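The sequence and the model are shown next.

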Amino acid sequence: MKVLIVGLGYAGTRFHKAFGNTGKPMSFAYVGRNRTRTDLPYYGSVSGALADFGPDVVVVTVPDAAHAAVLGELDGFTGFVVSEKPLTTARDDLRSVESALSKTSGFCLDLVERYSESSVYLRDFIRTRDLQLVRAHFTWGKDRINDHRPTSGVPSEVVHPLDLVGWIAGGGAEITLESVLGTRSDFSVSGPEVLDSVALAGRLGTGTVTGYSSFVNITRKREVDFVLRSPDGDLIYASAAYDTPSWDADRLRVWRRTSTGDEVIHELDTGDRPVPPGAETVVKLGRMAAEVTEFATTGRAPAAPFPGLADSLRLQLLLNTMEREARTTGPVAYFPDGRTVLQEADWERLG
C-alpha cells in the first residue's frame, strides 16, 4: 500500500510510525515546503505526488489553516483520505471541501480517542442496555503555550470531547450549544488573540452537556464523566480518563450507587500494560491506521464506522457555531515583550 503524508512534521511523523507498525507491505512519500528527510520520496506539491507516486491513502497533517486548501487539492482523488482535526477552520468553505472529497473511497478524521478501549466499551455498554444520557461533563486540556506549531486554537482540542460525548452516548442525536464562554490570548505563534479556552453548555437529546477545554491548561487533562439512566430508572455513573499519566494510558470506571456503597460494574486501566516496542504514543493511532489499511487494501469495513466525512462536517459546523457565539475575554498577554519560540521535542508534552 502506498501512503502519501502531506506535512511530515510532528503529526505526520506519528502517522508514519503508526502505519509502519501495521505489518503490512507499505511504501511512503511526503509533501512539504522543504525536503526534511532523505529516506523517503519527497514532492513539492500535492498534484505532483498524486500523479507520480499514485497513493492509495493520503494523510493530511498540515497546520489547521491549510487543511481546506490541501483537501481541495484532492478533488477527484479516489483513494482513502485521513485528515488531522479539525477538518477546517471557521473561515473556510465547507461545501467546497465536501465537494472535493466526493469521489474518495473513504475518509477518516483523526478522532483517535474513539479507538480507546474505554470509549469502545462504554459506547457498547450504553447501547446494549438502552441507557439514556442525563448529564455529561468533560475537562479536556493541555499546555501549548509558546508551542512552535501554528494552530486555529482550542477548536482543535475541544473537538475530541465533543465527538466522544456524542459518539459514546448520543444514540444518533447531535449536540446543540446553548452557551459558550471563551478566552483569547497570544499563547500561539498564530496570533495575539487566538481562542485558547472555552467553557460551554448544551444539549444532547434529553441530556445536558457541559465542559471546559483549553490549550493553556499547564498539565494535560482528558476526562469525561457521564450520568446515565437505565430503563427501570436507576442511575449509572461512568468516568473515563485518557492519556494519563502517559499517552494511551486510559482508565474507565462504571458503577451504580447503593445503600451499602458503590457497586462497581466495570473497571479498566490500560496503563497497567506494557506498550509494545515501537508503539510508544501511537497505540490508539495504530488501531486507526490498521483499520484504514485493511479497508484500503481489502475493502473490509472497520469494526466501528470511521469518523467519516459526514461526522467531520457536523463537528466542524458545531465548532464554527462555538467560535461565532463565544463571549470572550482577553486577550491575555503571555509575551508582551516578544517571544523566543520553543522547538519542543517531548512527544508526551506535545500530545
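## Cavity

By the rule applied here, the model contains 1 cavity of 30 Å³ or more. On a 1 Å grid over the protein atoms alone, a cavity is a set of points where a 1.4 Å probe fits but cannot get out, and lining residues have an atom within 4 Å of a point. Grid points are joined across faces, edges and corners, and a volume is the space filled by probe spheres set on the points. The largest cavity has a volume of about 30 Å³. Its lining consists of R14, V112, W247, D248, T281, K284 and L285. By class, 3 of these residues are nonpolar, 1 is polar and 3 are charged; Ala, Val, Leu, Ile, Met, Phe, Trp, Tyr, Cys and Pro count as nonpolar, Asp, Glu, Lys and Arg as charged, and the others, Gly among them, as polar.

## Basis of the model

The model is predicted: local features need pLDDT of at least 70, side-chain atom pairs count only at pLDDT 80 or more, and totals for chains, interfaces and linings use all residues. Residues are numbered from 1 along each chain as its sequence is written, and side-chain values use heavy atoms, with hydrogens and water left out.

## The parallel sheet

An open sheet of 6 strands runs in the order β3-β2-β1-β4-β5-β6, with parallel pairing. Strands (E, at least two residues) and helices (H or I, at least four) are DSSP runs, numbered from the N terminus, and two strands pair if DSSP finds at least two bridges between them. Because β3 (42-43) and β6 (106-109) at the edges have a single partner strand each, one side of each is left without a neighbour in the sheet. Strand β2 (residues 27-31) is joined to β3 by 2 bridges, and the two run parallel. In this pairing V31 is placed opposite Y43 of β3.

Helix α2 (residues 46-53) lies across β1 (2-6), β2, β3 and β4 (57-60), and runs at about 170 degrees to β1. Axes are lines fitted to C-alpha atoms, for helices over the stretch in contact, and angles run from 0 to 180 degrees between N-to-C directions.

## The mixed sheet

A further open sheet has 9 strands in the order β14-β13-β12-β11-β7-β10-β9-β8-β15, and its pairing is mixed. Its edge strands, β14 (261-269) and β15 (327-332), each pair on one side only. From one strand to the next, the twist averages 15 degrees.

Strand β7 is joined to β11 (residues 216-229) by 10 bridges in an antiparallel arrangement, with F138 opposite V224 of β11. With β10 (residues 207-214), β7 forms 7 bridges and runs parallel; here G141 stands opposite S214. Strand β11 also pairs antiparallel with β12 (residues 235-241) through 7 bridges, and V224 faces A240 in β12.

Helix α5 packs on this sheet, touching β11, β12, β13 (251-258) and β14, and its direction makes about 35 degrees with that of β13. Contact means heavy atoms within 4.5 Å. Helix α8 lies across β8, β9 (194-204) and β15, at about 55 degrees to β8.

## Packing of α1 and α7

The axes of helix α1 (residues 10-20) and helix α7 (residues 283-298) come within 8 Å and cross at roughly 65 degrees. The contact involves R14, F15, A18 and F19 of α1, together with L285, G286, M288, A289, V292 and T293 of α7. These residues divide into 7 nonpolar, 2 polar and 1 charged. R14 and L285 also belong to the lining of the largest cavity.

## Pockets

A pocket is an open set of grid points with protein on both sides within 12 Å along at least five of seven lines. The largest pocket holds about 1,000 Å³ of space. It is lined by 43 residues, of which Y10, A11, T61, V62 and P63 are the closest to its centre. At least two lining residues come from each of α1, β2, β7 (132-143) and α6 (155-169), and α1 gives the most, with 4 residues. The lining comprises 17 nonpolar, 13 polar and 13 charged residues.

The second largest pocket contains about 720 Å³ of space. Of its 34 lining residues, G166, W167, G170, G172 and A173 lie nearest its centre. Two or more lining residues are given by each of α5 (117-128), β7, α6, β8 (175-185) and α8 (309-325). By class, this lining has 16 nonpolar, 10 polar and 8 charged residues.
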